Amino acid sequence: MSVTCVKSKQISTTLKPDPNGLYHLLVGQGNGGKALLRLLREMPPGAEVHVLYASEPFSGKDWGEQLRKSWSDLHIFPTQAEIVSKLHGTLSGCVTGTRLYIAGSESFIGTAVQIAMKHHLNRDELQCEHCGSAARRVY
(Lines give C-alpha, C1' and ligand atoms only; values in the text may rest on other atoms or scores of the structure.)
Protein backbone atom coordinates (compact mmCIF):
# COMPACT_ATOMS: atom_id res chain seq x y z
CA MET A 1 0.00 0.00 0.00
CA SER A 2 1.40 3.41 -0.90
CA VAL A 3 1.24 6.29 1.55
CA THR A 4 0.28 9.60 -0.07
CA CYS A 5 1.03 11.85 2.88
CA VAL A 6 2.63 11.86 6.30
CA LYS A 7 -0.08 12.52 8.87
CA SER A 8 2.28 14.12 11.40
CA LYS A 9 3.65 16.63 8.88
CA GLN A 10 2.33 20.18 9.19
CA ILE A 11 0.55 21.61 6.17
CA SER A 12 2.62 24.51 4.91
CA THR A 13 1.81 27.19 2.34
CA THR A 14 3.34 30.44 1.16
CA LEU A 15 2.52 33.22 3.63
CA LYS A 16 0.09 35.84 2.31
CA PRO A 17 -1.38 38.86 4.12
CA ASP A 18 -4.92 38.25 5.37
CA PRO A 19 -6.96 41.35 4.48
CA ASN A 20 -9.45 40.53 7.28
CA GLY A 21 -6.77 40.72 9.97
CA LEU A 22 -6.64 43.68 12.31
CA TYR A 23 -3.34 42.80 14.00
CA HIS A 24 -0.64 40.80 12.21
CA LEU A 25 1.95 38.88 14.24
CA LEU A 26 4.83 37.52 12.16
CA VAL A 27 6.99 34.90 13.86
CA GLY A 28 10.05 33.42 12.21
CA GLN A 29 13.08 31.33 12.95
CA GLY A 30 16.26 30.84 10.92
CA ASN A 31 15.57 30.72 7.18
CA GLY A 32 12.00 31.76 7.94
CA GLY A 33 13.34 35.32 8.00
CA LYS A 34 13.32 35.35 4.21
CA ALA A 35 9.61 34.51 4.16
CA LEU A 36 8.93 37.25 6.74
CA LEU A 37 10.76 39.82 4.56
CA ARG A 38 8.63 38.86 1.58
CA LEU A 39 5.44 39.02 3.68
CA LEU A 40 6.37 42.45 5.08
CA ARG A 41 6.67 43.81 1.51
CA GLU A 42 3.18 42.45 0.75
CA MET A 43 1.45 43.86 3.84
CA PRO A 44 -1.04 46.66 3.10
CA PRO A 45 0.07 50.18 4.07
CA GLY A 46 -0.96 51.11 7.58
CA ALA A 47 -1.41 47.50 8.75
CA GLU A 48 -0.60 46.90 12.41
CA VAL A 49 2.31 44.46 12.24
CA HIS A 50 4.61 43.07 14.93
CA VAL A 51 7.59 40.81 14.14
CA LEU A 52 9.35 38.22 16.33
CA TYR A 53 12.45 36.52 14.92
CA ALA A 54 14.96 34.02 16.31
CA SER A 55 18.23 33.23 14.62
CA GLU A 56 19.00 29.57 14.11
CA PRO A 57 22.72 28.77 14.03
CA PHE A 58 22.38 25.56 11.99
CA SER A 59 20.57 27.14 9.03
CA GLY A 60 23.63 29.11 7.98
CA LYS A 61 21.69 32.33 7.34
CA ASP A 62 20.67 34.97 9.86
CA TRP A 63 18.00 37.31 8.53
CA GLY A 64 17.92 39.50 11.65
CA GLU A 65 19.81 42.47 10.20
CA GLN A 66 17.76 42.55 7.01
CA LEU A 67 14.57 42.38 9.03
CA ARG A 68 15.81 45.19 11.27
CA LYS A 69 16.36 47.38 8.20
CA SER A 70 12.87 46.59 6.90
CA TRP A 71 10.74 46.88 10.03
CA SER A 72 10.92 48.94 13.22
CA ASP A 73 8.52 46.89 15.41
CA LEU A 74 10.85 43.91 15.58
CA HIS A 75 12.17 41.75 18.41
CA ILE A 76 15.14 39.50 17.69
CA PHE A 77 15.91 36.57 19.99
CA PRO A 78 19.10 34.49 20.17
CA THR A 79 17.31 31.20 20.88
CA GLN A 80 14.13 29.37 19.99
CA ALA A 81 13.24 29.04 23.68
CA GLU A 82 13.22 32.83 24.10
CA ILE A 83 11.03 33.50 21.07
CA VAL A 84 8.60 30.77 22.18
CA SER A 85 8.31 32.45 25.59
CA LYS A 86 7.69 35.86 23.97
CA LEU A 87 5.12 34.34 21.60
CA HIS A 88 3.26 32.87 24.57
CA GLY A 89 3.17 36.26 26.30
CA THR A 90 2.21 38.15 23.16
CA LEU A 91 -0.67 35.81 22.32
CA SER A 92 -1.99 36.00 25.89
CA GLY A 93 -2.88 39.62 25.17
CA CYS A 94 -4.04 39.20 21.58
CA VAL A 95 -7.28 40.70 20.38
CA THR A 96 -10.03 39.56 18.02
CA GLY A 97 -8.78 39.88 14.46
CA THR A 98 -5.23 38.75 15.25
CA ARG A 99 -3.52 36.86 12.44
CA LEU A 100 -0.45 34.75 13.14
CA TYR A 101 2.09 34.00 10.41
CA ILE A 102 4.78 31.40 11.23
CA ALA A 103 7.89 30.66 9.15
CA GLY A 104 10.77 28.37 10.06
CA SER A 105 11.75 24.77 10.63
CA GLU A 106 9.15 22.05 11.00
CA SER A 107 9.78 21.69 14.74
CA PHE A 108 9.53 25.45 15.28
CA ILE A 109 6.26 25.61 13.36
CA GLY A 110 4.86 22.73 15.42
CA THR A 111 5.75 24.45 18.69
CA ALA A 112 4.32 27.80 17.58
CA VAL A 113 1.06 26.19 16.37
CA GLN A 114 0.65 24.42 19.73
CA ILE A 115 1.02 27.76 21.52
CA ALA A 116 -1.50 29.38 19.15
CA MET A 117 -4.00 26.61 19.85
CA LYS A 118 -3.57 27.11 23.62
CA HIS A 119 -4.56 30.74 23.07
CA HIS A 120 -7.63 29.72 21.07
CA LEU A 121 -6.52 30.89 17.63
CA ASN A 122 -8.40 29.04 14.90
CA ARG A 123 -6.68 27.38 11.95
CA ASP A 124 -8.00 30.12 9.67
CA GLU A 125 -6.26 32.74 11.83
CA LEU A 126 -2.80 31.31 11.28
CA GLN A 127 -0.59 30.51 8.33
CA CYS A 128 2.61 28.47 8.26
CA GLU A 129 5.48 28.34 5.79
CA HIS A 130 8.16 25.68 6.14
CA CYS A 131 11.61 27.09 5.39
CA GLY A 132 14.75 25.01 5.28
CA SER A 133 15.43 21.33 4.94
CA ALA A 134 12.61 18.95 4.17
CA ALA A 135 14.52 16.14 5.92
CA ARG A 136 12.75 14.59 8.90
CA ARG A 137 14.14 12.67 11.83
CA VAL A 138 13.71 8.93 11.75
CA TYR A 139 13.56 7.03 15.02
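Reader: How many bridges join strand 1 to strand 4?
Author: Six, and the two strands run parallel. Strands are DSSP E runs of at least two residues, helices H or I runs of at least four, numbered from the N terminus. This is a predicted model: local features need pLDDT of at least 70, side-chain atom pairs count only at pLDDT 80 or more, and totals for chains, interfaces and linings use all residues. Residues are numbered from 1 along each chain as its sequence is written, and side-chain values use heavy atoms, with hydrogens and water left out.

Reader: What is the bridge partner of glycine 28?
Author: Alanine 103, in strand 4.

Reader: And the sheet, what order do its strands have?
Author: The order is 3-2-1-4-5, in an open sheet of five strands with parallel pairing. Pairing takes at least two DSSP bridges between two strands.

Reader: Which are the edge strands?
Author: Strand 3 and strand 5, each pairing on one side only. From one strand to the next, the twist averages 10 degrees.

Reader: Which strands does helix 1 lie across?
Author: Helix 1 (residues 32-42) lies across strands 1, 2, 4 and 5, at about 155 degrees to strand 1. Helix 3 also packs on the sheet, touching strands 1, 2, 3 and 4, and its direction makes about 165 degrees with that of strand 1. Axes are lines fitted to C-alpha atoms, for helices over the stretch in contact (heavy atoms within 4.5 Å). Angles run from 0 to 180 degrees between N-to-C directions.

Reader: Stay with helix 3. Which residues are buried?
Author: Ile83, Leu87, Thr90 and Leu91. Buried means under 20% relative accessible area, exposed over 50%, with partly exposed in between (1.4 Å probe, protein chains only).

Reader: Why are they on the same side of helix 3?
Author: Because they cover an arc of only 90 degrees around the axis. The arc is taken from the directions from the helix axis to the C-beta atoms.

Reader: What does the face turned away carry?
Author: The exposed residues Ala81, Ser85 and Ser92.

Reader: New topic. How many residues has the largest nonpolar core?
Author: It has 20, and Leu25, Val27, Leu87, Leu91, Leu100 and Ile102 have the most contacts inside it. Such a core joins buried Ala, Val, Leu, Ile, Met, Phe, Trp, Tyr and Cys residues through side-chain atoms within 4.5 Å.

Reader: Where does the largest share come from?
Author: Helix 4, with six residues. A second, separate core has 17 residues, among them Leu39, Val49, Val51 and Cys131.

Reader: What is leucine 100 in contact with?
Author: Beyond its neighbours within four places in sequence, its contacts include Leu25, Val27, Leu87, Leu91, Ala116 and Leu126.
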